[in-house]
Amino acid sequence: MSSIQNAVLLVNLGSPDEPTAPAIARYLAEFLGDRRVVDIPKLLWWPILHGIILRTRPPKLVEKYAAIWQAEGAPLKAITAAQARALDARMNQEVTKGEKNIGVYWAMRYQNPAVADVLQRIVADGFSHVRVIPMYPQYSMTTTATVVDALKAALAQHQLSITYDLVEDYHAHSGYIEALKASVINHWQARGRPDFASGDVLLLSFHGLPERNVQRGDPYQTQCIRTAELLRQALSLTEKEVRLSFQSRFGAQKWLQPYTQATLEQLADTGTRRVDVMCPGFAADCLETLEEVNIELRDVFMARGGTVYHYLPCLNTEPAHIDLLRDLALV
């Protein structure tokens with residue numbers, strides 16, 4: 001078996017510190033101010049971001065965040081922390097006598113806990129190398145690449161004596177596909193299998209991306225399609241029974257299609273009565289899954305005549321997911 005790195009760092013996107021307009025504004029300012037996330041020239045984008053978006057959008061998001069907020073805080077943070085604890089327990093079960101314990105840490109790319117702060121803690125704890133796992137199954141310059149930016153900036157700013165290596169993606173990893181398959185099968189065992197012969201559909205909704213990003217070479221769309229195809233094959237379903245779509249469109253530019261909302265409307269309009277919706281591009285549930293997919297888009301489908309709408313939670317802390325993270329941490 002391969003050796004285990006001294007430390008492992010899970011990095012996910014981020015969330016506001018609390019469901020208030022000021023906290024949401026701080027989060028959006030950092031997130032939307034990243035040149036990789038929005039690549040409009042700063043001279044044009046900054047007046048729009050700070051003059052319009054950060055003044056108007058945070059108040060609208062307060063209710064959405066409040067609807068999904070947990071006692072532990074933002075779901076994305078709470079779940080990522082739980083994933084790190086589970087992975088720590090799983091990996092340290094495999095440490096043989098005399099070996100140094102493995103440190104498992106977690107950070108948010110935007111807001112807290114910041115990558116730089118956690119890296120400093122890893123160094124203070126005595127580790128000289130860290131295996132970084134961005135919690136994005138499919139690689140994108142708008143997600144995984146920004147983690148690299150944060151790592152490099154932290155190392156340079158704080159002159160940290162630590163090296164790192166990175167899991168760039170795991171969109172076709174057998175453990176990832178098997179974990180997704182197990183999630184679907186477990187859901188069907190609990191809620192009943194869809195009647196595919198009558199037009200029911202398993203919808204795989206991935207986070208969207210501007211089309212121009214793909215035109216510039218971002219592999220994200222190709223990897224989403226590959227993930228969906230591998231899962232479809234693993235479940236022995238047809239292309240008609242499994243559909244792929246993209247959600248969370250932002251702004252006026254053209255994003256990857258088909259859009260999830262339009263797909264749900266089209267399915268309902270053409271007689272589909274049950275959809276099971278899964279979000280394989282998210283490693284942990286968050287605003288985009290718990291509020292957008294499980295609440296807003298449910299209402300869209302049901303209002304158009306749908307009768308059964310199931311949202312399948314992200315892999316979160318499912319044992320098969322923790323096993324996958326363990327495999328990704330082994331080198």
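This report describes helix geometry, helix packing and selected loop residues in a predicted model.

## Helix 2: a bent helix

Helix 2 covers residues 42-68, a run of 27 residues. Its end C-alpha atoms lie only 33 Å apart, whereas a straight helix at 1.5 Å a residue would reach 39 Å. A bend of about 50° is located at Ile53.

Ile53 also belongs to the buried residues of helix 2, together with Trp45, Leu49, Leu54, Pro58, Leu61, Tyr65 and Ile68. The buried residues of this helix pack against helix 1 (21-32), helix 3 (75-92) and helix 10 (287-303).

## Packing of helices 6 and 8

Two packed helices are described by the angle between their axes and the distance between the axes. For helix 6 (residues 174-191) and helix 8 (residues 220-234), the angle is about 55° and the axes are 10 Å apart. Helix 6 and helix 8 are therefore oblique to each other, and helix 6 passes helix 8 in a right-handed crossing. On the helix 6 side, the contact is made by Tyr176, Ile177, Leu180 and Lys181. Helix 8 contributes Thr227, Leu230, Leu231 and Ala234.

## Packing of helices 4 and 5

The axes of helix 4 (residues 115-124) and helix 5 cross at roughly 60° and come within 9 Å. This pair is therefore also classed as oblique, and its crossing is right-handed. Val115, Ala116, Leu119 and Gln120 of helix 4 meet Ala150, Leu151, Ala154, Leu155 and His158 of helix 5.

## Burial of helix 11

Helix 11 spans residues 319-329, and its buried residues are His321, Ile322, Leu324, Leu325, Arg326, Leu328 and Ala329. The elements that cover these buried residues include strand 1 (7-14), helix 3, strand 3 (129-134) and helix 6.

Tyr136 is placed in the loop between strand 3 and helix 5 (144-158). The residue counts as buried because its relative accessibility of 8% is under the 20% cut-off. Leaving aside residues up to four places away in sequence, Tyr136 touches Asn12, Leu13, Arg109, Thr143, Thr144, Val147, Asp169 and Tyr170.

Tyr136 and Ala320 are separated by 184 residues in sequence, and their C-alpha atoms are 16 Å apart in space.

## Cis peptide bonds

The peptide bond from Asn112 to Pro113 is cis, and its omega is near -5°. Pro113 lies in the loop between strand 2 (103-110) and helix 4.

Gln257 and Pro258 are likewise joined by a cis peptide bond, with omega about 5°. Pro258 is located in the loop between strand 6 (242-247) and helix 9 (260-269).

## Residues with positive phi

Gln159 is a residue other than glycine with a positive phi, near 50°. Its place is in the loop between helix 5 and strand 4 (163-166).

Ser248, which is not a glycine either, has a positive phi of about 60°. Ser248 is found in the loop between strand 6 and helix 9.

How values were computed. Residues are numbered from 1 along each chain as its sequence is written. This is a predicted model: local features need pLDDT of at least 70, side-chain atom pairs count only at pLDDT 80 or more; totals for chains, interfaces and linings use all residues. Side-chain values use heavy atoms; hydrogens and water are left out. Helices (H or I, at least four residues) and strands (E, at least two) are DSSP runs, numbered from the N terminus. The expected span of a helix is 1.5 Å times one less than its number of residues. The bend at a residue is the angle between axes fitted to the seven residues ending there and the seven starting there. Buried means under 20% relative accessible area, exposed over 50%, partly exposed in between (1.4 Å probe, protein chains only). Contact means heavy atoms within 4.5 Å. Axes are lines fitted to C-alpha atoms, for helices over the stretch in contact, and angles run from 0 to 180 degrees between N-to-C directions. Angles under 35 degrees count as roughly parallel, over 145 as roughly antiparallel, 65 to 115 as roughly perpendicular and the rest as oblique. A crossing is left-handed if the near helix is turned anticlockwise from the far one by less than a right angle, and right-handed if clockwise.
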